[in-house]
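This report goes through a protein model by topic. Please keep the sequence and the structure in view while reading.

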Amino acid sequence: EPGAQIVVQGFDGNIASPIVEGRSPRWSPDGRKLAFHRRNDVYVLDLISGEQRTLLEEPVYLVRNGMDWSPDSQRLAVIVRPKRNAPRALLFLEQDKEDQRFAARLRLDMSGMCAFSPDGSQLVLEAGWKVRLVPVDGDERPTIVPGQKGHNLQPDFSPDGKLIVFASDRHTVP
């Protein structure tokens, strides 16, 4: 992981210089910021001013790939392992606040992929091989999307928010 560079490349093959060291880059929906993780911390790079800042008060043991921006570009949903052997935690981080205290919205055995609904009210993620919906505000527990078979992971919302797509082995499992 050390030394991984985030690079912007045009479809024509022209490569810009690497812009920052890190992993799991995610452009904000408004195109002004880039979120990424590096050395167990989450960063936001302002693509206009060039300012880079860390979002966590203290580094965590592991930041999972697959964070997602809220549709209004104000928050990041990030799944982390706070300490070695600790349960994974879902964090909602404000993009304009530096050094945020660790406040887990949820603790479950989640993979790293998560996605905001188009209206920003829900998050979809996978835990225990099942796709689950999590209300962004409040403290309600996640609900399992009904009718799932097999192992399901890497969920995302359709652009209109009416469907969820995910990877599954449901047709290969007897």
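## Salt bridge between R39 and E21

R39 and E21 form a salt bridge whose closest N and O atoms are 2.9 Å apart; the term covers a side-chain nitrogen of Lys or Arg within 4 Å of a carboxyl oxygen of Asp or Glu. The pair links distant parts of the chain, 18 residues apart: E21 belongs to strand β2, and R39 to the loop between β4 (33-38) and β5 (41-46). Strands here are DSSP runs (E, at least two residues), numbered from the N terminus.

R39 is exposed, with a relative accessible area of 56%, whereas E21 is partly exposed at 23%. In these terms, buried is under 20% relative accessible area, exposed is over 50%, and partly exposed is in between (1.4 Å probe, protein chains only).

## Model and confidence

This is a predicted model, in which local features need pLDDT of at least 70 and side-chain atom pairs count only at pLDDT 80 or more, while totals for chains, interfaces and linings use all residues. Residues are numbered from 1 along each chain as its sequence is written, and side-chain values use heavy atoms, with hydrogens and water left out.

The protein has an average pLDDT of 90, and 97% of the residues score at least 70; pLDDT is the predictor's confidence in each residue, from 0 to 100.

## Other salt bridges

A search of the whole structure finds four salt bridges. One of them joins R75 to D137, with the closest N and O atoms 3.4 Å apart. R75 lies in strand β9 (residues 75-81) and D137 in the loop between β14 (130-135) and β15 (143-144), so this pair ties together parts that are 62 residues apart in sequence. D137 is exposed, with a relative accessible area of 57%.

R88 also forms a salt bridge, with D109, and there the closest N and O atoms are 3.2 Å apart. Because R88 sits in the loop between β9 and β10 (89-94) and D109 in the loop between β11 (106-107) and β12 (110-116), the pair ties together parts 21 residues apart in sequence. R88 counts as buried at 14% relative accessibility, but D109 counts as exposed at 51%.

## Open sheet

Four strands form an open sheet in the order β12-β13-β14-β15, with antiparallel pairing; two strands pair if DSSP finds at least two bridges between them. β12 and β15 stand at the edges with a single partner strand each, so one side of each has no neighbour in the sheet.

β12 and strand β13 (residues 122-127) run antiparallel and are joined by four bridges. The bridge partner of A115 in β13 is V124.

V8, I19, W27 and L47 form a nonpolar patch on the surface, with about 350 Å² of accessible area together. Patches are made of residues with over 30% relative accessible area and no salt bridge; like charges are joined within 9 Å and nonpolar side chains (Val, Leu, Ile, Met, Phe, Trp, Tyr) within 5 Å. Accessible areas come from the Shrake-Rupley method with a 1.4 Å probe, and for residues only the protein chains shown count as cover. V8 is found in the loop between β1 (5-6) and β2 (20-21) and counts as partly exposed at 32% relative accessibility.

S49 lies in the loop between β5 and β6 (52-54) and counts as exposed at 52% relative accessibility. The C-alpha atoms of S49 and I15, 34 residues apart along the chain, are separated by 21 Å.
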